[in-house]
Amino acid sequence: EILVTTDESSNAEPLLDETQIKVDANLKPLLAEGKIPMVSGYFGRNTDGKLMTLGRGGTDLTAAVVGYALNADEINLYKVEYTQTEDGWLDEWQPGWIGIVHDAEPTVTIPVMSYDIAAELAHFGKKVLHPSTVFPAIR
């Protein structure tokens with residue numbers, strides 16, 4: 001009951017001002033008590049309370065919107081991009097791989113990325129991050 005969205009199921013957009021009200025009322029008191037709330041991503045409710053889904057990138061977008069509403073200093077999204085084996089699984093995970101593991105060279109990672117670079121990669125089609133995820137983080 002945190003994320004408030006538009007009325008477009010499977011492609012809903014977060015409403016930042018309305019979500020801010022929900023975060024102020026529901027999450028901030030828990031944090032003030034020292035509790036760590038669990039917020040699921042990808043789902044929200046429209047202004048009438050009907051369940052909506054955000055579509056591709058919805059979980060990351062949820063994290064960015066909640067980070068925005070909490071005035072977080074940073075938002076961490078952990079991603080792995082890889083080439084699949086025939087059965088669709090990653091062959092192995094190497095200890096120490098942190099950040100975005102590049103598909104072409106899995107031994108190279110990008111441990112930290114600015115919002116601007118992330119937005120540019122997403123805009124030009126890198127599927128590891130949806131373009132709309134970056135906007136709340138920048139704001």
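Along the sequence, the protein follows the pattern β-α-β-β-α-β-β-α-α. The model is a predicted one. In total, the protein has 4 helices and 5 strands. The chain holds 139 residues, and 29% of them count as buried. Its accessible surface comes to about 9,200 Å². Carbon and sulfur atoms account for 54% of that surface. Among contacts between residues at least 6 apart in sequence, 46% join residues at least 24 apart.

An open sheet is formed by 3 strands. Their order is E1-E2-E3, and the pairing is mixed. Strands E1 (4-5) and E3 (51-53) stand at the edges. Each has a single partner strand, so one side of each is left without a neighbour in the sheet. The two pairings can be taken in turn. E1 and E2 run parallel and are joined by 2 bridges. Here Thr5 stands opposite Asn46 of E2. Strand E2 (residues 43-46) pairs with E3 in the antiparallel sense, over 3 bridges. In this pairing, Gly44 has Met52 of E3 as its bridge partner. E2 and E3 form a hairpin, with 4 residues between the two strands. Gly49 lies in the turn and has a positive phi of about 90°.

Side chains alternate along E2. Gly44 and Asn46 point to one face and are buried.

Two elements give two or more residues to the lining: helix H1 (16-32) and helix H2 (58-69). H2 provides the largest share, with 6 residues. By class, the lining has 11 nonpolar residues, 6 polar residues and 1 charged residue.

Leaving aside neighbours within four places in sequence, Val66 is in contact with Ile2, Leu27 and Val39. The C-alpha atoms of Val66 and Thr19 are separated by 8.1 Å. These two residues are 47 residues apart along the chain.

Gln20 belongs to helix H1. With a relative accessible area of 18%, Gln20 is buried, again by the cut-off of under 20%. Beyond its neighbours within four places in sequence, Gln20 is in contact with Lys28, Tyr68 and Ala69.

Notes:
Residues numbered from 1 in each chain as written. Predicted model: local features only at pLDDT ≥ 70, side-chain atom pairs only at ≥ 80, totals over all residues. Heavy atoms only, no water. Pairing = 2+ DSSP bridges. Buried < 20%, exposed > 50% of the residue type's maximum accessible area, 1.4 Å probe, protein only. Contact = heavy atoms within 4.5 Å. Areas by Shrake-Rupley, 256 points an atom, 1.4 Å probe, with all protein chains shown as cover. Nonpolar A, V, L, I, M, F, W, Y, C, P; charged D, E, K, R; others polar.
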